[in-house]
Amino acid sequence: MQNDDRCLFCRVVAGTIPAKKLFEDDDVIAFEDINPQAPTHLLVIPRRHIASLDALLPEHSETIGRLLIRASEIARSRHIASDGYRLVFNNGQSAGQTVFHIHAHLLGGRDFSWPPG
Ligand code: 5GP
Ligand code: ZN
């Protein structure tokens with residue numbers, strides 16, 4: 001599917017919904033989650049619309065690889081990498097996915113328990 005103006009995060013990409021953007025390049029945007037669950041809680045998304053992990057195809061390899069590398073760079077630049085952080089993809093209803101434009105939650109600045117809730 002191409003970028004879709006009914007998709008919340010496609011609208012963030014297009015700039016029609018405001019977001020506190022921390023980073024953007026040709027492939028990836030990172031912005032603050034509106035309901036943060038940790039001192040640092042960013043959403044790292046591809047510009048390209050992909051609904052979820054479950055929708056990934058081999059042709060998305062480069063996009064997702066770049067997203068992961070960017071997330072790790074952002075974690076270092078936000079000084080959360082040395083203490084440790086979480087990168088979370090919720091997939092589907094039982095995992096709590098509410099926005100169906102793939103996104104990584106980059107969470108840091110506190111300790112996290114395991115197993116996750
Ligand atoms: P999910 O539940 O799909 O894994 O994550 C969606 C995330 O998007 C949630 O953490 C939620 O707080 C965040 N979110 C929902 N609507 C908005 C919005 O309009 N702006 C921003 N910045 N975050 C949003
Ligand atoms: Zn989208």
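Contacts between residues 24 or more positions apart make up 51% of the protein chain's contacts with a separation of 6 or more, where contact means heavy atoms within 4.5 Å. Keep in mind that this is a predicted model, where local features need pLDDT of at least 70, side-chain atom pairs count only at pLDDT 80 or more, and totals for chains, interfaces and linings use all residues. Residues are numbered from 1 along each chain as its sequence is written, chains are lettered from A and ligands numbered from 1 in the order in which they are written, and side-chain values use heavy atoms, leaving out hydrogens and water.

On the whole chain, there are two helices and five strands, arranged along the sequence as α-β-β-β-α-β-β. Helices (H or I, at least four residues) and strands (E, at least two) are DSSP runs, numbered from the N terminus. The radius of gyration is 14 Å, close to the 13 Å from the globule rule for 117 residues, so the chain is as compact as a globular protein of that length. That radius is taken over C-alpha atoms, and the rule is 2.2 Å times the number of residues to the power 0.38. Of the 117 residues, 36% count as buried; buried means under 20% relative accessible area, exposed over 50%, and partly exposed in between (1.4 Å probe, protein chains only).

Now for strand 3 (residues 40-46), where seven of seven residues are buried. In a regular strand the side chains alternate between the two faces of the sheet. Here both faces are covered, with Thr 40, Leu 42, Val 44 and Pro 46 on one side and His 41, Leu 43 and Ile 45 on the other. Its pairings are tabulated below; two strands pair if DSSP finds at least two bridges between them.

| Partner of strand 3 | Sense and bridges | Bridge partners |
|---|---|---|
| Strand 5 | antiparallel, five bridges | Thr 40 with Gly 108 |

A few local spots are worth a look. Leu 68, in helix 2 (residues 61-77), is partly exposed because its relative accessibility is 39%. His 79 sits in the loop between helix 2 and strand 4 (85-88) and has a positive phi of about 60°, although it is not a glycine. With 68% relative accessibility, His 79 counts as exposed. Further along, the peptide bond from Trp 114 to Pro 115 is cis, with omega near 5°, and Pro 115 lies in the segment after strand 5 (104-108).
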